Each structure stands twice: as structure tokens, then as C-alpha cells.
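Please look through the model below with these notes beside it.

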Amino acid sequence: MKSLIIENIGKVKKLASAIVKKVKVRISFLGNRVSISGDEVNEFLVEKVLMAVDFGFDLDDAFLLLKDGYVLNFIDVKEHTRRKNLKEVRARLIGTNGKAKKTIEELTGSVLAIKDNKVGLICDADHVDSTIQAVISLSQGAKHGNVFSYLEKQNKNRRRVDSED
């Protein structure tokens with residue numbers, strides 16, 4: 001039985017029935033503590049799904065973690081920038097009308113969520129490193145175009161390696 005503390009307990013309680021239907025586990029609540037009981041693998045997967053939902057991901061996006069090869073990762077922006085105005089850093093990551101965030105998601109096949117000074121990402125294991133590098137580069141002040149061309153180059157290299165196999 002796994003247990004974890006959830007900040008956004010109301011949202012998790014609303015979505016608990018959908019999670020229980022999709023993955024055969026039992027979820028119980030005691031204050032802001034959530035207990036998960038069931039098969040060990042399913043407990044681990046549901047723990048990741050609950051962490052993602054608590055962070056701010058949609059349930060459909062969090063369910064990607066149930067697939068093989070998908071991981072949940074968190075990046076603390078404060079650790080990677082010297083800037084004092086973190087609002088500007090978040091704005092660089094999101095872009096005008098969410099364009100930068102959307103472009104990173106499209107180029108890497110990942111899902112990003114930004115909350116306070118943290119960036120959460122759900123993506124397949126192949127794209128984790130390049131997605132993290134893109135987020136770090138943007139938070140350090142790299143030009144958007146350079147970051148996007150880096151991601152495109154990574155995709156091209158990945159396709160070339162896949163075609164050789």
C-alpha cells in the first residue's frame with residue numbers, strides 16, 4: 001500500500017473514480033493523504049498519475065504515464081537561472097499565447113505544465129533529455145529559434161538512428 005500527500009485534494013477526489021475504473025486499485029482519502037492499494041505495479045503507476053494530476057496535468061495527459069516508456073519529470077526553474085524575475089522566465093517558457101510551450105510539445109511529443117517555478121513534463125523516454133534541455137535553455141535565456149532548431153535536429157537524428165535499426 002502506497003501513501004502520498006496531495007496539495008489539490010479536491011481535484012484528485014473528483015477524478016479518483018475514473019482512475020479506479022482505468023486501473024484496478026483502491027484509493028482512499030484521509031485529510032490530504034491518499035492511500036493506494038492494489039497490485040504493486042499499478043500502485044506505482046497510479047502514484048505517478050496522482051502526482052501529475054496534483055501538479056496540474058489533465059487526467060487524459062496523466063493517463064499517458066500508464067503506457068510503457070512514458071515518464072513524469074519535474075524541473076525547478078530556480079536551479080537553472082540566475083534571473084531574479086522568475087515571472088519573465090515563466091513567460092519565456094510559455095511564449096505569446098502559449099506558442100513556445102505548444103511548439104516544444106509538438107516537437108517532442110511531450111505534455112508540459114507550468115506551476116509556480118516548476119515545469120512538469122510527461123513524455124516518452126526517447127525525448128526526455130532533449131525536452132529537459134530545451135526547458136533549461138529557454139530558462140537560461142537562449143533564443144526560442146535556437147531551441148526549436150535544436151529540437152528539430154534531435155528529431156532528425158533520432159529518425160536516422162531508428163531507420164538504421
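1. Strand 2 and strand 3 (residues 33–38) run antiparallel and are joined by six bridges, and within this pairing V25 stands opposite G38 of strand 3. Strands here are DSSP runs of E with at least two residues, and helices are runs of H or I with at least four residues, both numbered from the N terminus; two strands pair if DSSP finds at least two bridges between them.

2. This is a predicted model, in which local features need pLDDT of at least 70 and side-chain atom pairs count only at pLDDT 80 or more, while totals for chains, interfaces and linings use all residues. Residues are numbered from 1 along each chain as its sequence is written, and side-chain values use heavy atoms, with hydrogens and water left out.

3. The open sheet has three strands in the order 1-3-2, with antiparallel pairing. Strand 1 (2–5) and strand 2 (25–30) each have a single partner strand and stand at the edges, so one side of each lacks a neighbour in the sheet.

4. Helix 1 (residues 9–22) packs on this sheet and touches strand 2 and strand 3, contact meaning heavy atoms within 4.5 Å. Helix 2 (residues 40–55) also packs on the sheet, touching strand 1, strand 2 and strand 3.

5. Strand 6 (residues 118–124) pairs antiparallel with strand 4 (residues 70–76) through seven bridges, V71 having C123 as its bridge partner. Five bridges join strand 6 to strand 5 (residues 111–115), also antiparallel, and L112 stands opposite L121.

6. Six of the seven residues of strand 6 are buried, that is, under 20% relative accessible area with a 1.4 Å probe and protein chains only.

Note on methods: Axes are lines fitted to C-alpha atoms, for helices over the stretch in contact, and angles run from 0 to 180 degrees between N-to-C directions. Buried means under 20% relative accessible area, exposed over 50%, partly exposed in between (1.4 Å probe, protein chains only).
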